Amino acid sequence: MRTYAVAVGKALVLGAMALVDIALVALTLFAFLLTFGLGMIFVFPPTARLIRYRTAFARRLTGTWLGTAVPAPYLPPPLPARPQPDGWYRHERQLYKTPRWPDWNNRWKWMFGDPATWRDGLWLFLNPVVAAALLLLPLTLATGAVLASRSAVPAAVPPLLGCAAVVALIALPHLLRGYAWWNHLLLSPTAKSVLAGRIQRLDQARLATVDSQASELRRIERDLHDGAQARLVAMGMTLGAVEELMDKDPAAAKALLGKVREASSMALVELRDLVRGIHPPVLAERGLGDAVRALALDSPLKVTVTVDLHARPDSPVESAAYFSISELLTNAARHGGAERVSIDISSHDHALRVVVTDDGEGGADPSLGSGLRGIERRLAAFDGVLAVSSPRGGPTIATFDLPNALAEKRRDSRPLPRGKAVIVGICWGLGWLPLFPQGLVTMVMKIIDTEHLSWFLALYLPEPLQWPLIVFNISLGLSMYAAGMIIPAMHSSQRRLAEVVPARLWLGR
Amino acid sequence: MSLRVVIAEDLYLLRDGLVHLLQAHDFEVVAAVESGPELLKALIELRPDVAVVDVRLPPTFTDEGLQAALAARRAVPGLPVLVLSQHVEQLYARELLADGSGAIGYLLKDRVFNAEQFVDAVRRVAAGGTAMDPEVIAKLLASTVRHQPLGALTPREREVLELMAEGRSNAAISQRLFLSESAVGKHTASIFAKLDLVPSDDDNRRVLAVLTYLNAARG
């Protein structure tokens with residue numbers, strides 16, 4: 001009973017808000033008139049923003065009151081304009097001194113070009129009507145009954161309307177659900193905007209990856225140039241000197257050779273450290289689990305490692321996970337003041353999940369620590385997400401997921417399911433039977449009106465049924481061949497789509 | 001009688017170098033192989049006095065050599081194996097020491113540069129001793145640094161402990177640190193007392209005790 005009363009209350013409030021929307025609709029219409037009638041385009045952004053406030057509120061209420069989550073559908077806002085090398089800001093063919101106009105233009109285009117803006121508008125225009133038809137239906141019907149009783153309509157109408165009002169009142173929870181569905185229909189993102197958002201994220205991730213890769217390569221180049229390479233040059237020069245000294249002063253030559261050996265050892269040490277930074281040998285030799293165990297052994301902290309993986313992820317993913325764990329471990333030792341760390345590596349469906357927990361002081365914040373930022377960048381390349389929970393006083397729990405890290409390797413020839421394969425076989429194997437002997441050839445025989453009925457079954461039938469059977473046979477044969485072609489094609493394209501399109505889209509729309 | 005040795009190394013130059021080096025020091029090289037399966041076969045069929053094995057070998061170029069060596073030691077307990085690698089890992093050292101039967105060496109490839117010490121290490125392993133790379137020991141000690149009893153050691157005792165963990169005898173340690181052998185003996189006794197270990201005169205058992213202790217201290 002109580003929930004029912006709550007539902008009635010919700011319906012009344014939402015309905016009242018929808019009635020207030022009529023004023024907003026009028027305002028919006030006026031603004032549109034100014035924008036498109038008089039060209040006062042500066043009116044557009046505030047209006048659009050106003051509508052967005054209203055729809056954002058509606059989304060929130062739909063989520064909290066009606067239990068249907070409606071995510072915001074807007075395209076990501078444009079990035080702020082960046083100056084050219086000469087300090088000017090370019091927008092299309094114009095140059096500006098300050099970023100104000102390019103920014104304004106970009107924002108205008110962003111709002112104007114976003115289909116979600118127009119869907120918002122459509123929702124706003126229709127909302128009063130829909131709300132009146134769903135939420136306020138009992139009220140509308142009751143009003144109708146009262147009005148009808150005063151005017152000259154058949155006497156049966158007012159009581160009927162009254163009954164309908166009562167029924168609508170009882171069905172109100174269902175009407176509320178219908179209203180939630182309506183909100184979801186227009187206010188949630190379209191497949192297009194989900195994709196656009198995803199593309200922007202991928203774009204940023206790609207930029208960050210390329211950036212960090214380039215700087216990594218620069219670092220390697222510098223290390224090689226200043227380290228091993230320089231030492232090899234020095235060794236070559238010393239060996240040249242040894243060659244000269246060999247006869248004159250064997251003792252000095254021997255001393256120099258000792259130095260060469262030392263230099264070669266140093267070069268090896270440097271190369272070893274460099275290799276460890278690029279791709280640790282244990283990781284290549286043993287995979288993620290043992291590499292992290294080796295990491296744990298080398299750490300001054302007490303580290304426990306649990307690994308539960310049924311397959312080995314791809315090498316780049318492994319490497320990203322390894323270096324992220326390594327960084328988290330270093331953080332725990334350096335900033336967290338931790339003593340014990342536990343690292344848990346597991347698989348969840350196709351995702352690789354790593355949880356690093358330490359008993360340090362906590363207070364780690366990804367927005368401050370450049371180390372955590374680096375991890376986020378590293379993981380972003382694989383759609384990975386880092387979540388850090390680090391209250392002051394600890395413990396710090398860092399979790400990251402690498403989705404699809406453990407997905408089965410793509411097999412291009414995944415076979416058809418057995419049932420479908422049988423159907424395809426029958427279609428290809430027997431399609432000729434209705435098409436040629438019983439279809440086309442029979443048709444020719446029918447046309448030339450032969451005496452030989454032979455094996456043409458259709459010709460044995462009574463006259464009026466002959467043509468329909470011939471046509472049926474031909475179309476049966478053709479559709480068998482068509483099915484034989486279409487079923488495998490559908491199978492492979494479905495698989496390809498399922499791999500390409502994010503799972504949300506299948507669920508959403 | 002010269003010691004019979006099997007060498008496993010995939011790079012021709014290095015393999016050749018090792019063969020020459022060991023032959024020059026009076027070893028008999030009975031086989032020089034270049035892949036994991038060949039190595040396992042050679043170890044089990046030829047039963048050499050000692051094997052010198054590279055960790056990374058064909059066909060997979062992962063830890064093929066290490067796995068072959070471990071497999072051979074499972075089949076022939078106590079088969080002396082000296083493992084060479086471009087990098088040393090505590091993880092691998094643990095695995096090699098795990099069976100507790102000694103006759104194990106684990107060195108960086110750089111150590112071959114110093115022929116005398118390298119050959120000494122090979123002989124030590126062949127005799128059932130241990131030869132751990134100083135870098136492994138350094139890592140082990142670095143990661144146990146917070147552990148209490150180790151903190152109680154004097155710097156000199158730490159030096160002795162490091163050399164002991166590498167597998168050196170008292171005589172070798174005394175030579176290295178320019179101490180008398182009896183002084184080294186005193187240090188080792190003190191170390192064993194501080195770490196609460198049962199003292200032992202047998203070099204090999206002593207090393208294993210120390211390594212086990214260090215490993216255990218890691219938790």
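Predicted model: local features only at pLDDT ≥ 70, side-chain atom pairs only at ≥ 80, totals over all residues.
The axes of the two helices, which span residues 155-166 and residues 170-177 of chain B, come within 10 Å and cross at roughly 130°. Because of that angle, helix 8 of chain B counts as oblique to helix 9 of chain B. On the helix 8 side the residues that meet the partner are E159(B), V160(B), L163(B) and M164(B), while helix 9 of chain B brings I173(B), R176(B) and L177(B). By class, five residues of this contact are nonpolar and two are charged, with no polar residue among them.

The contact between the chains draws 17 residues from chain B and 18 residues from chain A. On the side of chain B that touches chain A, helix 4 (90-97) and helix 6 (134-143) each supply at least two residues, and helix 6 of chain B gives the most, with three residues. The residues on this side of chain B divide by class as follows.

| Class | Residues of chain B touching chain A |
|---|---|
| Nonpolar | four residues |
| Polar | six residues |

Leaving aside residues up to four places away in sequence, L82(B) touches V50(B), A51(B), V52(B), V53(B), G105(B), L107(B), A121(B), V122(B), V125(B) and A131(B).

Notes:
Residues numbered from 1 in each chain as written. Chains lettered and ligands numbered in written order. Axes fitted to C-alpha atoms, helices over the stretch in contact; angles between N-to-C directions. Helix = DSSP H or I, 4+ residues; strand = E, 2+ residues; numbered from the N terminus. Parallel < 35°, antiparallel > 145°, perpendicular 65-115°, else oblique. Contact = placed C-beta atoms within 7 Å. Nonpolar A, V, L, I, M, F, W, Y, C, P; charged D, E, K, R; others polar.
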